[in-house]
Structures are given as C-alpha cells and as structure tokens.
Amino acid sequence: MKTQNHTLNKGTDFIKTLFKKQIFIPIVALLLLSIFNLIVDPSFFKVTYGLNSNGDPVLSGYLMTILDYGSELAILAIGMTLVTAASGGQDISVGAAIAISGSVVLRVLCGTDSRPETLQAPIIVAFLVSCVVAMLFGAFNGTLVAYFKIQPMVATLILFTAGRSIAAWINNNELPIVSDPVFSYFGGFIPGLPIPTPFFIAVVCMIIIALVLKFTNLGLYSQAVGINSKSSQLNGLNPAFMKFISFVILGLCVAVAGFIKVSRLSSINYSVIAKDIEMDAILAVALGGNSLSGGKFSMSASILGAYVIQFLTTTLYKMEVQSEALSAYKAVVVIILVVISAPVVREKLSKLFKKLRPQQAVGGED
Amino acid sequence: MQEGTVLEMRNIYKYFPGVKALQDVDFTLCEGEIHALMGENGAGKSTLIKVLTGVYSKDSGEVFLKGREKAVNIKSPQDAQKLGISTVYQEITLCPNLTVAENLYIGRTKGIFINWKIVVRDAFNLLQSLGIPADPNQQLSSCSIAVQQMVAIARAVDMECKVLILDEPTSSLDDHEVAKLFALMRELKAKGVSIVFVTHFLEQVYEVCDKITVLRDGKLVGEYSVKELPRVQLVSKMLGKDLDDLSDIKSDSLKYEADENIPPVFEAEKLVSASGIKPFDFSIRKGEVNGFTGLLGSGRSECVRAIFGADKILGGKVKINGREVKISKPIDAMKNGIGYLPEDRKADGIIGDLSVRENIILALQVKKGFFKPFTKAQANAFADEYIKLLGIKTASADTPIKSLSGGNQQKVILARWLLTNPEYLILDEPTRGIDVGTKIDIQKLVLKLASEGMSITFISSEIDEMLRTCSRLIVMRDRKTVGELDGEDLTQNMIMNTIAGGGNNV
C-alpha cells in the first residue's frame, strides 16, 4: 500500500492539517470572539499608553486586561493539562489551593503581625515556602488519586471543600496587608515596564514547560499512562507515579498563580480569591481540544484556550454584564464553543470542506 | 435479486484516508446458509461487516435485502437491527453484572413496568429452544465465555434476525466450546437464519460453512463452495501466492545444541507470582527457542508474566547469564535485556491513541530514561527502519496505532521490542488473530533472530506453530509445569498426551 500522497497542492494540505490540529479549535474561538468585538465595538482593541497612579508608564486597554488576568489561568492550564492527560480526571481544588498558598505567602511576609511596617521575610522565601506547601497539597491529591485510586474529581473535592478554611486558619482568620510596594509589582507593573508583570511570569512558565516537554519524556509518559496504563506498565513505566507527579506539578502552578493573586491585592479575601478558577482552568483544557478523559494533549492549545476564556470574560465585562450574571452568559458561550469544537462537528466541517473541493472527495491515494 | 437470496451487496466502495479499504466488492448471502468471510488482516472483512451494519457509511455501492424492491440505506447499527441484521462481536458486548434473562431482554421490553416472571420464562424458553446451557437467573459473568457468546447470539436471533453476523466468535473459546457454538449455528441454520461467519481458523470454516467469500487487499477474490475449494487453495487465494512458504518453514529441522559451559541466558528457580501459579523452574540458553504449552488457563501466560515481573513476585531466584538479579517490575526485566510481547494486544500492548512511531520507540525510550528523550530525527529513523523491516502497513509513522489492522498492530509491538535489542524475548501468542501471511512472517523472524543468538520463548495456542519454531516445550496443566519435551519427543501426539496427563513425563 502507498504511504502519503504528495500530489495534493500545498494550500489545501495546509488547511487539511490545520483542521486536524488541536490548536485549530481555540484559534477559531479566538477569531469568532474577535470578530464579534470588532463588529460591536472596535474600540475593544484600542491600547493606550499613559501613566498609572504611581506615575509609571503603562499600556492599558481590554487587550492588556486579557493578557494580565489570563495569566493565572494560563499557568493553571499547564498543570491541569498534565493532570488531565495522566489521570483522566481534573483537579477541582485549585481555587481553594490558591487561597492556601496565597495565605502562606502573606503569613511568611507578615509574620505574626497582620499589618507590619516592614517585611518579616524576603519575598523569595515566602514564594518558595508557598511552593512547597502547594506541592504538598498537590501530593495529597496525587496520593489519593494514584495510590488509593480515588476518582480525581472526588479526591480533590476534599481540598475543594476544606481549602478555604485552611487558608483562613493559616492567618488566624485575619486579613494581613503587605505595605511594601515591591510585593505589588508581581501582580501589577514593574516601574518602567509598560506590560503587566503576570504576563511575563506566565511567559516564563510557558518557556519552562516547553523546555521540560522538549528535554524530558514527561509528555510521552503521561500520555501513554493516560491512554493505557496497563500497557505502559508493561513497558517499564510507573503509571501511579506519573499520575502522582502530575498533581505535584499542578501544585507548583497553583503556587505561582496564588502568588500573583495575592500580589494583586497585597492582601487576601479567603472566600473570594480565585473563586471558580478551577472551572475556567478545566474549560481551558477542554477548549484546547484535549480529551477530558485523558491521553493525548496539546499544551499550546490549552494555554491559548486559557487566554480565550479570559478574552470571553473580559468581553462580557465590557458588555456590562453584571458579575452575578456573568457565569450564565459564559455558560452559553462555552456551550457554543464546545459544540463547535466537538469531534463530530469538526468532522462535518471537514467533510463540508471536502465537498467544496470535489476532486478530493476520493481522498488518500492517487 | 435471485430467488433464495437474503442479502446482496453490490459494487461496494469504501475509502479511508490513505487506504482504499473496499473496492468494487460484491457479497451475496443465501437463505439458511453459513457463509464464511475470509481474508488476511486488512483484506477488508471488518470494513465490509461495518458497512453492512451501518457502523461505516459506504462511499458507493448498493445493498439489497429480501422483500425490499429498492436498495436499502443502512445508516446506523439500529437501522441494521430493524432490517433484521444482527451482529455478535468477538468481544462480548453484554453487561456481565446482569443476569442472563436481563441481558436477553434489556432495552427490548415495552412499557414502563416489566413482569420479570414472564421475562424469565421467555428467557428460559428461548435458551431451551436453542439448547444453550444457561440458567436465566444466573449472573452473566458467572457463565463461561462460550455461553456468554451464545447468550449474545440468542439475543440477536430473538430480535427477528434474518442475517446473523458472527465476527470472530471463536477466538477466545477452547475446542469443546467451539463445538457447542457450532451446534448452535447449525440449529439456527436449520431455522432458516443466514449466518455470516468471520474467522481466521481454516478448520472451522471447513467444519461448519457452506460457502466462502475471499477478500484480499480490499478487493473481492471470489465466492466458492466449501466442497470445491481445498484448504491449500483457500490459503493461496487469501495470500495471493503459492504455498511454498508454508512447506518451507515446516521442513526446517529444529536442532539446538546447548553449550553446557556457558550459563543460561535466563534461569529461574522456584519462581512464583501472585497470579496463582505454582512455583516453577525455567531456563533458556543463548539462541534457543522454547515455549510454554497447555490449554487456555493452564498458566502459561502467568509464567512468562512472572519472568518479566509483570505480576507481583512472591518468591524464587532469578539468574541472568549466571548472575543473580532481582526482577520485581517490568523495568527491571527490561534493563536485564528481556522483552515481552503480551498476549492481549489491545489491553496490554498498544497505546491506542499514540502514533505508530511513539508506540515503536516507547520501550527503548523508557529504558533510556526520563531525561534523555530521543530527538525527532532519531525517533523517525527508528520508526522508518522498523516499518520497512517488518513491512508494517500504515499510512505514515504519525498514524495512531489503533487505526491499523490487528496484524500490523502486532508488528508494531514486535518492532517495539526488537528495537530494545533484547537478549531474551518473550512472545506470548504473537500470532493470535493474525492472518496466515503475517503468521509465517513472524515464525520466520523468530527462527532468524534465534539463529543470530537471541533467546526466545514462544507461546501459541496452535501446537503445529510451536512445533515449527520451538526446540523445547514446557507443558503446563492446572497452573503448574507437568513436563518438558524436546528432540524426538516433540510430536503433536506426545504434547497432547502430556497435556492430558497420559505422557511419560508426568
């Protein structure tokens, strides 16, 4: 039998492969949202250059808001993608875990006094401690899933329920405030740089995960384990450990996202911080075209998916949708996006595309 | 349509990306006949069945059914069911945790309320009339696989079925169970049901079928009456070549001279795993091919799994080249130069959604380590090399392995282990569910690898296949080894005797 057909012209070949590529889905969603905004109000895309309240030059506009606030989501989507791939389930405790790790950051920075004049510890120490704590909680989830074989959603329900209380308990239910301006740079702007810092942090995370995926077998192993764990075990892999480690990595992502979140406020609100972010993170993975039952994944599609979700949220805010009604609107849009990206619909679309080019209806070989 | 014809498929075409799965295939089924559909893997049998049952839509062609003027359009398995076409697949598709009666009638009862008494009575009558030895109140999972298969058939037949398709129903049955299944098939035939029988087993075709339709490479080779087509002819029609190959391999005399001075490549003493086998001793020398034989469930697969560390090891000593080592996980075995092709290709072998390339490099990659991934170029080179070497039919190395035919999937798994360049390779049923051509390829490959110094353990349900390849056989019964045969003793009779317990070695 022949292998591939090289007689197709390059253009249709490109579109054909694009149809098959996962990243096609979030790209289409992004385009649709952009077109919608362009029609409704082109000023959505206006980016202005001005001074903020501290007198530093910053870029502002809806696009910058998306880059800014989409960053935590993008960072979480990295970990959530790995968890989904390896364990075939999702972690719904990331919002509560963010509350915990954010609370830890404040606790370390403020010590016993909730409103100190000076920082009680260097910021980097606070960040590292929160990383360790978040990874421990990730390890807790991972142990339940990998070694006790509890369904991921059920296992993480525990921390989902208890997390915010734990977060409050860490600071004796007080609301510490950090007055040091340097701390607010991480969730705001570094003086002199007009682009929001969270975006830089997200980019750093993306570069790190890209390097990890390139220079280790994390991608291959977690996909193999997620698709067929019995078979991967017979190939020398340790499926339970791969699942476990994916939750620990997500813990690290949670710590980074939590750090940004508390830096934005220089304080914390235990019940509101990162509320419902787990759903957005899971949606980002889904919107990236990744199967939520595990297996093959595309990291770039998930990350783009995260920004598309933020794009959607920002669009809705701009339409002056009330914050209580936001989720309802979001749900509708998400339904549409998910239906469009469903394999069934994509197949129909690509068939439609084929019909438009009848000479290809026969497909495949010469 | 001619008189007496139940089903006619004309000029069927079906394309998949990169593959012409069916080209101008005709298929005719007469009333009350058992019609075998034969062909190598990838010949188009499954595709034809799936077109007929509405799983795939055909690209062109027509399907006619008795009693209907026009060609019918079957869009889904439900459509096929309504038209009286039922299918029973190789894997049981019933619910094991329900009772036999529930399985027979689930989804078919009318109304909200169900009178279970009547259902059980109906089930009893149905099972009786077909002579199926099952109690309606029995939980399905407690029945043997053969009875489960029969229940599936009974369910299919009871739904006013005119055409019954049996897709490799016998692959997981032993001879006794096959005989029972055949009795049921003859019973149905007598009742006027037309049966399409897809199988790899030649003997079974000659035992039970009336007609044979042979496909090859997606094309129709022809339709023959069983009486007019000798076995050799059938094989050569399926392969599209003469049978010299078959006899070639048979005449190879298997003599293995062990060098007693060199310690065995692998040696196990009182090895026992959590799978329920009795402790066993085993050894294999450089360049030797040996095998485990025994009936289904005799523990032959459990033995090799223990050697590879796939089940929890409870005790015993293992030596590699005379040096004592500890093998408690597959990775330990792999690092000691052992490869293992598992019995259940779908559940234990392939990683379905991953590409052919990733499936090929997986074991070597794991052996190499987490922090040392192969570059794309290396991976491609490996994949291309083995796709060519083993003649794997795939659109490209990027194709997900699950879209390949069974034989080609098996070749990919074989490639995976050959790539790790093992000293000792275990092949558990490498030829199950595979076409004759690939079977011979694999047998030849085994002998070639052994002549190059690889030690191989070869397990197969087909005794003649083991006689062709192995120079020593370990016979198993009831989860323990009951004998070892080599040299002159290696005959079909002797093996049977030992398995049955009448041999000299017991």
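Before the first stop, one working rule: two residues are in contact if their C-beta atoms, placed from the backbone, lie within 7 Å. Also keep in mind that what you have on screen is a predicted model.

**Stop 1: where the chains meet**

**Stop 2: helices 3 and 8 of chain A**

Next, select residues 62–87 (helix 3) and 197–215 (helix 8) of chain A. Their axes are 8 Å apart, and the helices pack at an angle of about 25 degrees. That angle makes helix 3 of chain A roughly parallel to helix 8 of chain A, since anything under 35 degrees counts as roughly parallel. The crossing of these two helices is left-handed.

From helix 3 of chain A, look for A:Leu67, A:Asp68, A:Ser71, A:Glu72, A:Ala74, A:Ile75 and A:Ile78; they meet A:Pro198, A:Phe199, A:Ile201, A:Ala202, A:Cys205 and A:Ile209 of helix 8 of chain A. By class, this contact has ten nonpolar, one polar and two charged residues.

**Stop 3: helices 2 and 13 of chain A**

Among the residues making the contact are A:Leu30 and A:Leu33 of helix 2 of chain A, and A:Val308 and A:Phe311 of helix 13 of chain A. The class count is ten nonpolar, three polar and no charged residues.

**Stop 4: the nonpolar cores**

Which residues have the most contacts inside the largest nonpolar core? Select A:Leu76, A:Ala77, A:Cys253, A:Val254, A:Val256 and A:Ala281; the core itself has 166 residues. Helix 11 (residues 239–265) of chain A gives the most to this core, with 16 residues. Zoom in on A:Leu76: leaving aside neighbours within four places in sequence, its contacts are A:Val94, A:Cys253, A:Val254, A:Ala257, A:Ile277 and A:Ala281. Another core, of 70 residues, lies apart from the largest one, and includes B:Ala156, B:Val193, B:Ile212 and B:Leu220.

**Stop 5: B:His35**

Jump to strand 3 (residues 34–38) of chain B, where you'll find B:His35. Is B:His35 buried or exposed? B:His35 has 24 other C-beta atoms within 10 Å, so it is buried. Its contacts beyond four places in sequence include B:Ile195, B:Phe197, B:Cys209 and B:Asp210.

**Stop 6: two positive phi values**

Finish with two loops. A:Asn173 sits between helix 6 (152–170) and helix 7 (181–184) of chain A. Its phi is positive, about 65 degrees, although it is not a glycine. A:Asn173 counts as exposed because it has 10 C-beta neighbours inside 10 Å.

B:Glu429 is in the loop between strand 16 (424–428) and helix 16 (436–451) of chain B. Its phi is positive as well, near 50 degrees, but B:Glu429 is buried, with 21 other C-beta atoms within 10 Å.

Conventions: Residues numbered from 1 in each chain as written. Chains lettered and ligands numbered in written order. Predicted model: local features only at pLDDT ≥ 70, side-chain atom pairs only at ≥ 80, totals over all residues. Axes fitted to C-alpha atoms, helices over the stretch in contact; angles between N-to-C directions. Helix = DSSP H or I, 4+ residues; strand = E, 2+ residues; numbered from the N terminus. Parallel < 35°, antiparallel > 145°, perpendicular 65-115°, else oblique. Left-handed = near helix turned anticlockwise from the far one by under 90°. Nonpolar A, V, L, I, M, F, W, Y, C, P; charged D, E, K, R; others polar. Core = buried A, V, L, I, M, F, W, Y, C linked by C-beta atoms within 7 Å. Buried ≥ 20, exposed ≤ 12 C-beta atoms within 10 Å, placed from the backbone.
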